[in-house]
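Let's take a walk through a protein fold together, one piece at a time. Have the sequence and the 3D view ready, and click along as you read.

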Amino acid sequence: LGAKVRHVANRLAVCWVSNRDGRTSADPLTADIGGVLEQRPLLFSFDRRRWVDNTAKGSEFFQQLRLGRGAAACDYDDDGDLDLVVVHQNSSAALLKNDSTRQHWLKVELIGRTVNRRAIGARVIVRMADRTLMQELAGGTSYCSSSQPCLYFGLGSWDQPVTVEVFWPGGRSQSVDRVTIDRRMVILEE
């Protein structure tokens, strides 16, 4: 499959797609690309060393052919684990509820005052006696979708309070000690 982009006078781009047998199409969505685009969704888990394919263990959703276009993570049922919304082309979006065995967790929501309101770019560190976890709040992580702007920390069997440190995009930082877990925590930029 070859593609050539040509800019025209009105600053729009025209895309010509060729399947390299001499036929071309001005519309890449209707071009003959020699096959069906739908595929089975994949489900992977991380076993602390490598990614493992668990598609066969997934729900009926993972057995159907789909043309996925975007995915957004959220805690739609507010139970502390991430659920997933998958956007498809030419069919309904799918809500995948996470019913996995849950251990301890902390959901951190940030609100910026002097930096952007959603705190995109903030770094959060959660400290426990035996380990440290770090995440950054990202924006625009998938095509045609946006995840819930919160950070979710899986704490495993840790059942004691933690320390939460926030490094705001503007360079300031703040810390909250003895944070109770298994809950949603909102931190407003000082």
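Which residues does V108 touch, not counting residues up to four places away in sequence? They are C150, L151, F153, M185 and I187, where touching, or contact, means heavy atoms within 4.5 Å. Before going on, a word on what you're looking at: this is a predicted model, in which local features need pLDDT of at least 70 and side-chain atom pairs count only at pLDDT 80 or more, while totals for chains, interfaces and linings use all residues. Residues are numbered from 1 along each chain as its sequence is written, and side-chain values use heavy atoms, with hydrogens and water left out.

Back to V108. You'll find V108 in strand 9; strands here are DSSP runs (E, at least two residues), numbered from the N terminus. V108 has 0% relative accessibility, so it counts as buried. The cut-offs go like this: buried means under 20% relative accessible area, exposed over 50%, and partly exposed in between (1.4 Å probe, protein chains only). Now look for M185: it sits 77 residues from V108 in sequence, yet their C-alpha atoms are 4.9 Å apart in space.

Now for the inside. A nonpolar core is a set of buried Ala, Val, Leu, Ile, Met, Phe, Trp, Tyr and Cys residues joined through side-chain atoms within 4.5 Å. The largest one has 22 residues, and the members that touch the most others are L106, L110, L155, V162 and V164. Strands 9 (104–111), 10 (123–127), 12 (150–156), 13 (162–167) and 15 (184–188) each supply at least two residues of this core. There is also a second, separate core of five residues, with F61, F62, V86 and A94 among them. As for L110, if you leave aside its neighbours within four places in sequence, its contacts include R117, A122, V166 and W168.

Six bridges connect strand 6 (residues 68–74) with strand 7 (residues 83–88), and three join strand 7 to strand 8 (residues 94–96). Find L84 in strand 7: A73 stands opposite L84, and in strand 8 the bridge partner of L84 is L96. Between strand 7 and strand 8, the hairpin has five residues, and N90 takes a positive phi near 65°.

What about charged side chains? A salt bridge is a side-chain nitrogen of Lys or Arg within 4 Å of a carboxyl oxygen of Asp or Glu, and by this rule there are eight. One of them joins E165 and R127, at 2.2 Å from N to O. E165 lies in strand 13 and R127 in strand 10, so the pair ties together parts that are 38 residues apart in sequence. E165 counts as buried because its relative accessibility is 15%, whereas R127, at 35%, counts as partly exposed. Another salt bridge joins R123 and E136, with the closest N and O atoms 2.4 Å apart.

Finally, the cysteines. A disulfide is a pair of cysteine sulfur atoms within 2.5 Å, and the count comes to zero. For C74, the nearest cysteine sulfur is that of C150, 10.0 Å away.

Conventions
Helix = DSSP H or I, 4+ residues; strand = E, 2+ residues; numbered from the N terminus. Pairing = 2+ DSSP bridges.
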